[in-house]
Amino acid sequence: MFDACADPKSLEGLSWLFCYLTSAKHVDFYWSFLTVLLLLAITAPAALGMGFVGATAARSHVAPVSWLGKIYIWMVRGVPDIIFFLFFVIALDQGIEYAKSLVVCDGGAWPWQGMEFRVCPAAKVPLAKSAPFWHQAYGFMLAVVTFAIVFGAFVANVIYGAMNAVPRAQLETAEAYGMSRGQVFRRILIPQMWVYALPGLGNLWMILIKATPLLFLLGVKDIVYYARELGGSKTQAYEYPHGDWRLWYFLGLMAFYLVFTRISEIGLAKLTRRLSHGQATAAGEAMRKAAA
Amino acid sequence: MKRLLIATALVAASGAASAQDIVRLGTEGAYPPYNFINDAGEVAGFERELGDELCKRAGLTCEWTTNEWDSIIPNLQSGNYDVIIAGMSITPEREEVVSFTQAYLPPASSAYLALSADADLMSGPVAAQTGTIQASFVAENGMQLVEYATPEETVAAVKNGEAVAVLADKDYLVPMAAESGGSLVLLAKEESIGGGVGPAFRKSDEELRGKFDAAIKSMKCDGTLDAMIVKPEYFGPEAKTWGDAGKEGC
């Protein structure tokens, strides 16, 4: 990367360390932090959306819709995350390719042949000839969908509980004013449920942050992959040989996660204060008294 | 819906890429000097140079990808890549699920790496990487086996005292011993296991396997394969080569 780093084996001390920490592989490592942040930025709203739909479905008055919502929540919450991650990503990947093969391949042969999964080359997603970027983007997308489904189920349960926690008197008053069921839902229930949902959602956000190393299980090159790869001892075959430094790399990751979760805690505390304002809860009441 | 759009966009974008067929080569990227990820973040090592040369001779455009060792065969079968070039020994068990070409490396010895030259292999667990011929060998020969997912971890286990020794390909262990400053030594005892190292293909991919087989043969015939094996950065002048045996039927 830098001219001074052209011959790493002749370097010593700080200049060696500087060149080591700016090698192309380390730059990939630094970018992988963005991968993790990007995953969180996409997954959190997606899981919130899934959870909202799931909770709304679960408390629907139409029985089949309600069953669907409840089965979704129960199934995903009941299966260990790791099993879900290992199974679902393969199933999703092969399902997408099978669906595509029905459209683009002739004949439509059954793809599961003994140990092999075989579709025509045109049905591969992404195609074999695609740039490596698309292979990574596709793997990332599978991860986002899986995270959204898993965390969506937990979010659905939190929101379902929060919707039931809104005082019945509030809804009855709205009905007495002649609002329809939809109007009560939109105008009274949704604005008031957030303050009940927030502690649960905040918890899930923290768990989601801590669950991002699962990306590594899905074959996405995240910070855990790079920490293990860079930290492992390196022989003279490498430009920068060194011993087993995994401890230091994992310490770095620990610091990253601690700082990140601390910032999240502060943000969540602020959000709770804002949402409590004017609510018929103990926190809302305390704020009203303090102001008066 | 949004996800569907993204998926559609991905499919459309990937379809627009170049029309040339690309063969995807899968490797582990953690087993120097066979294959490893160098400091530029690229696949390097003996198998990188070999794979590129084979693709050139077979007239194929190839692209490298890495995969964890323990799922490297399942992911070949589900079509994530087309060839495994990852220091994989040809064994009857593996031949039941994938097909190999002729070997590109002759059967190599496996060696034990331990903290001292008089380590007793029966006194405690012996480390090996999961799913390797060495792991099967340890288990079948009455030693206590402890398995790890990566080669790196097997060596770390010996340093930490979790295992009395590690059994792995000698070519992988020699630099480990040489650069440990005397804290790790190779035992005199060596094992001869496996039937040479070759690339693996899906059983349904007979055509691609044929192309690679021909390319390996041509490299044996003109001696370039032997020259590549003995390069100092790979296996060195002491390494076993094909010699005249490789030139039969040229």
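Reader: How many residues of chain B are in contact with chain A?

Author: The model is a predicted one. On the side of chain A, the contact takes in 34 residues. On the side of chain B, the number of residues in contact with chain A is 34.

Reader: Which element gives the largest share of the side of chain B that touches chain A?

Author: The elements of chain B that each supply two or more residues to this side are α1 (2-15), β1 (22-27), β3 (35-37), α6 (151-160) and α7 (170-178). The largest share amounts to 7 residues, and the element that provides them is α1(B).

Reader: How is chain B divided into domains, and how far apart do the C-alpha centres of domain 1 and domain 2 lie?

Author: Domain 1 of chain B covers 20-106 + 196-247, and domain 2 covers 109-192. Their contact takes 10 residues from domain 1 of chain B and 11 residues from domain 2 of chain B. The C-alpha centres of these two domains are separated by 24 Å.

Reader: Where does the largest nonpolar core lie?

Author: This core has 63 residues, and those with the most contacts inside it are B:Leu113, B:Val158, B:Ala165 and B:Val166. Residues of the core come from both domain 1 (20-106 + 196-247) and domain 2 (109-192) of chain B, so its place is between these domains.

Reader: Which residues does B:Ala165 touch, not counting residues up to four places away in sequence?

Author: B:Ala165 is among the residues with the most contacts inside the largest nonpolar core. With residues up to four places away in sequence left out, B:Ala165 touches B:Tyr112, B:Leu113, B:Ala114, B:Ala119, B:Leu121, B:Val126, B:Val158 and B:Leu187.

Reader: How many residues does the other core have, the one that includes A:Ile73?

Author: This core lies apart from the largest one. Among its residues are A:Ile73, A:Val195, A:Leu208 and A:Tyr225. In general, nonpolar side chains in soluble globular proteins tend to be buried together.

Reader: Which residues of α3(A) are buried, and what arc do they cover around the axis?

Author: The buried residues of α3(A) are A:Gly69, A:Ile73 and A:Val76. They lie on the same side of α3(A), because the arc they cover around the axis is only 85°.

Reader: What covers the buried residues of α3(A), and which exposed residues does the face turned away from them carry?

Author: The cover over the buried residues includes α2 (24-58), α4 (81-104) and α5 (132-165) of chain A. The face of α3(A) turned away from its buried side carries the exposed residues A:Ala63, A:Pro64, A:Ile71, A:Met75 and A:Gly78.

Reader: What radius of gyration does chain A have?

Author: Chain A has 11 helices and 2 strands. Its C-alpha trace spans about 80 × 65 × 30 Å along the principal axes, and buried residues make up 27% of its 292 residues. A compact globule of 292 residues would have a radius of gyration near 19 Å, whereas the value for chain A is 25 Å.

Reader: What radius of gyration does chain B have?

Author: Chain B contains 9 helices and 13 strands, and 42% of its 250 residues count as buried. The globule rule gives 18 Å for 250 residues, and the value for chain B is close to this, so chain B is as compact as a globular protein of that length. The radius of gyration of chain B is 20 Å.

Methods:
Residues numbered from 1 in each chain as written. Chains lettered and ligands numbered in written order. Predicted model: local features only at pLDDT ≥ 70, side-chain atom pairs only at ≥ 80, totals over all residues. Core = buried A, V, L, I, M, F, W, Y, C linked by C-beta atoms within 7 Å. Buried ≥ 20, exposed ≤ 12 C-beta atoms within 10 Å, placed from the backbone. Domains from an automatic or database assignment. Contact = placed C-beta atoms within 7 Å. Helix = DSSP H or I, 4+ residues; strand = E, 2+ residues; numbered from the N terminus. Arc of directions from axis to C-beta. Rg over C-alpha atoms; globule rule 2.2 N^0.38 Å.
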